[in-house]
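Below is a short report on the fold of one protein chain. The sequence and coordinates come first, followed by the description.

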Amino acid sequence: MRITQKDLDQKVEQLNGIFETESFSVGGAYGGWMLHRTLPSGGRTDVSPRGTKKEIWWFMEAMIRGVNEKYYKETKEEK
């Protein structure tokens with residue numbers, strides 16, 4: 001599966017929807033890509049290691065699945 005910039009942007013939108021108080025973005029330079037989080041102070045911190053578009057896409061997918069899994073377990077335990 002070929003990952004495009006559009007695919008990365010869609011994953012970033014998903015992350016920003018889940019983490020409403022956080023702001024994520026993807027940046028690329030010299031053929032490598034990273035996931036960044038914007039800090040309230042205006043700075044930026046790296047969330048992922050540098051990788052290919054596909055590796056960063058899967059990194060974000062793992063974050064989304066992890067949050068969904070945790071939410072599913074918490075709501076299941078409440079019942």
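Which residue of E2 does Gly28 stand opposite?

## Strand pairing

In this predicted model, Gly28 stands opposite Trp33 of E2. The two strands E1 and E2 (residues 32-38) are paired in the antiparallel sense, with seven bridges between them.

## The sheet

The sheet is open and has three strands in the order E1-E2-E3, paired antiparallel. Its edge strands are E1 (23-29) and E3 (44-46), each of which pairs on one side only. On average, and with direction ignored, neighbouring strands of the sheet are turned by 35° against each other.

Helix H1 packs on this sheet, where it touches E1 and E2. The direction of H1 makes about 155° with that of E1.

## Helix H1

H1 covers residues 5-18, which is 14 residues.

Four residues of H1 are buried: Leu8, Lys11, Val12 and Leu15. They lie on the same side of H1, because they cover an arc of only 105° around the axis. An α-helix has 3.6 residues a turn, so residues three or four places apart point the same way. The other side of H1 holds Lys6 and Glu13, which are exposed.

Conventions
Residues are numbered from 1 along each chain as its sequence is written. This is a predicted model: local features need pLDDT of at least 70, side-chain atom pairs count only at pLDDT 80 or more; totals for chains, interfaces and linings use all residues. Side-chain values use heavy atoms; hydrogens and water are left out. The expected span of a helix is 1.5 Å times one less than its number of residues. Buried means under 20% relative accessible area, exposed over 50%, partly exposed in between (1.4 Å probe, protein chains only). The arc is that of the directions from the helix axis to the C-beta atoms. Two strands pair if DSSP finds at least two bridges between them. Axes are lines fitted to C-alpha atoms, for helices over the stretch in contact, and angles run from 0 to 180 degrees between N-to-C directions. Contact means heavy atoms within 4.5 Å.
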